[in-house]
Amino acid sequence: MLSSQNGLYCYDHGKLEQYNHQNVSGFIHSQVRFARPLPDGRLLVGNHLHYLGYLFPDKHEFLPLNEKLPQIEGYRTIIDACLLPKTTVAAVLTQNGIFCIDFQTDSITAFGLLPAGLSQKFNCAFVDSKQRVWIGTQNGLAQGYRIWLNACIKGITEDKKGNKR
């Protein structure tokens, strides 16, 4: 999957499909920040207009959650999301905090795993091969209650040996 200013591109079984405001009902525009696949085939999608919702790829339908979950409006600029291991929850990163959305019950709760001293301006999240959640912010990196400060983290990945980059 590739999120872009022109929509979401998915490559599946040798076929490239674009999802945008012209072919997806409910999409207000095509600027997609992220799309995370959920176990049931839906995609959790965040866009540049601060909408969070579900894309049903087979139906070409987008169901925004902002009206159903007005707590979303308390957060500035939705940046990214990651599915938390062994749960039905995704952590949604914003420019002023993180919240968790249970994608089975469509409910929001606070994200409580952040150590003191870490910026509330979040850039990225990553679940590594050991099922640990890493979070990158404007001023550092967090994994569990450990933090490394003095660097703006914009992306996290790991190599074949499990080293983080």
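How many bridges join β9 to strand β10? In this predicted model, strand β10 covers residues 97-102 and is joined to β9 by 6 bridges, with the two strands running antiparallel. One of the paired positions is Val 92, whose bridge partner in β10 is Phe 99.

Strand β8, residues 78-83, runs antiparallel to β9 and is joined to it by 5 bridges. Here Cys 82 has Ala 91 of β9 as its bridge partner. The hairpin of β8 and β9 has 5 residues between the strands, and Lys 86 in this hairpin takes a positive phi near 60°.

In a regular strand, side chains alternate between the two faces of the sheet. In β9, Val 89, Ala 91 and Leu 93 point one way, while Ala 90, Val 92 and Thr 94 point the other way. All of these residues are buried. Because 6 of the 6 residues of β9 (residues 89-94) are buried, this strand is largely enclosed by the rest of the structure.

Another part of the chain to follow is an open sheet of 3 strands, in the order β1-β2-β3 with antiparallel pairing. Strands β1 (2-4) and β3 (15-19) stand at its edges; each has a single partner strand, so one side of each is left without a neighbour in the sheet. Direction ignored, neighbouring strands of this sheet are turned by 20° against each other on average. Strand β2, residues 7-12, pairs with β3 over 5 bridges in the antiparallel sense, and the bridge partner of Cys 10 in β3 is Glu 17.

Notes
Residues numbered from 1 in each chain as written. Predicted model: local features only at pLDDT ≥ 70, side-chain atom pairs only at ≥ 80, totals over all residues. Heavy atoms only, no water. Buried < 20%, exposed > 50% of the residue type's maximum accessible area, 1.4 Å probe, protein only. Helix = DSSP H or I, 4+ residues; strand = E, 2+ residues; numbered from the N terminus. Pairing = 2+ DSSP bridges. Axes fitted to C-alpha atoms, helices over the stretch in contact; angles between N-to-C directions.
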